[in-house]
Amino acid sequence: MGFRLERYPEPVLTPDPTSWWESENVFNPAVIHHNGLFHMVYRAQGVDWVSRLGYAVSVDGVHWNRMRKPILTPEGPYESRGLEDPRIVMIDGVFYMTYTAYGSQFAGKGKPTHAGGGILPMIAMSHNLITWERIGPIVRGEDNKDHVLFPRKINGRYAALHRRWPQVWIAYSDDLRTWPQEDMAPIYGPRPDNWWDARSVGSNGPPIETPYGWLCLNHAYAEDRVYRLGVILLDLEDPTQVIHRPKEPIFWPEELWELRGDVPNVVFSNANPVVGDRVYVYYGGGDHVIGLATCALSDLLEYARFG
């Protein structure tokens with residue numbers, strides 16, 4: 001049983017050559033559907049190659065109006081090299097965004113695990129999607145990315161997926177500021193015997209709650225370093241339990257703007273909002289532009305359960 005996302009034929013957002021901060025690349029956005037509109041927070045790079053976060057809004061999810069200035073810019077040495085790969089959820093009426101802070105200063109203890117500086121898997125909060133207040137990181141002192149919050153509390157606690165390479169882990173917190181190590185556990189990792197996700201895996205957008213489990217999209221690559229997207233189904237109350245994980249991918253680079261770019265052979269998604277029965281998968285193509293692929297939620301869930 002195979003399944004593929006349906007690609008929109010052209011990018012939905014491209015760099016703005018007239019802008020100093022988004023003239024080179026726009027990619028890897030967070031998107032949430034709220035009050036009848038699609039809201040996008042996207043990663044952008046300009047002439048200095050430092051990543052900043054911009055904001056755009058859309059009625060149909062395809063045609064976007066964007067603000068001329070970034071909404072979040074680096075602060076201090078821990079973010080000096082950029083803000084990367086946002087993901088957004090709304091919990092109890094508050095928007096929470098996870099993003100990767102890339103800095104020139106190591107924030108942990110001992111020897112850095114990432115050459116050239118520090119990586120922090122950060123969390124921020126907002127009431128309007130424009131102004132954001134930093135809360136803090138899930139962990140310090142390790143190369144930990146691809147973190148994303150679940151859209152509701154699980155057993156009364158905030159929960160997040162994060163990536164301690166090469167595995168995807170879960171973490172829990174009472175206040176989003178403290179994430180005890182004893183409440184972290186690995187869930188799944190690369191499949192060495194599988195052709196497309198044998199080397200590295202990571203989470204995409206926020207998990208989608210369904211009657212059959214948490215529907216999670218992910219990205220992965222094998223030795224060929226071609227990024228592809230897949231899907232996995234986790235238990236609702238104990239997400240460390242994998243219900244099913246199909247062996248085949250659901251999306252991969254095919255268009256020229258995915259096969260080439262700042263980084264070639266990449267489709268990388270941080271957002272999969274559901275509107276009605278439609279899943280909108282927004283992704284960075286070649287680390288250069290933003291693309292869109294869609295499918296029926298019912299079809300994707302069917303594949304996640306039985307594919």
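**View 1. His33 and what it touches.** Setting aside neighbours within four places in sequence, His33 is in contact (heavy atoms within 4.5 Å) with Phe38, Pro273 and Val275. This is a predicted model, where local features need pLDDT of at least 70 and side-chain atom pairs count only at pLDDT 80 or more, while totals for chains, interfaces and linings use all residues. Numbering starts from 1 along each chain as its sequence is written, and side-chain values use heavy atoms, with hydrogens and water left out. His33 sits in strand E2 (residues 25–34); strands here are DSSP runs of at least two residues, helices (H or I) of at least four, numbered from the N terminus.

**View 2. The open sheet E10-E11-E12-E13.** These four strands follow that order with antiparallel pairing, where pairing takes at least two DSSP bridges. E10 (144–149) and E13 (185–188) are the edge strands with a single partner each, so one side of each has no neighbour in the sheet. E12 (residues 167–173) joins E13 through three bridges, and Ile170 has Ala185 in E13 as its bridge partner.

**View 3. The largest nonpolar core.** Such a core is a set of buried Ala, Val, Leu, Ile, Met, Phe, Trp, Tyr and Cys residues joined through side-chain atoms within 4.5 Å. This one has 23 residues, and Leu300 is among those touching the most other members. Helix H2 gives the most, five residues.

Key:
Buried means under 20% relative accessible area, exposed over 50%, partly exposed in between (1.4 Å probe, protein chains only).
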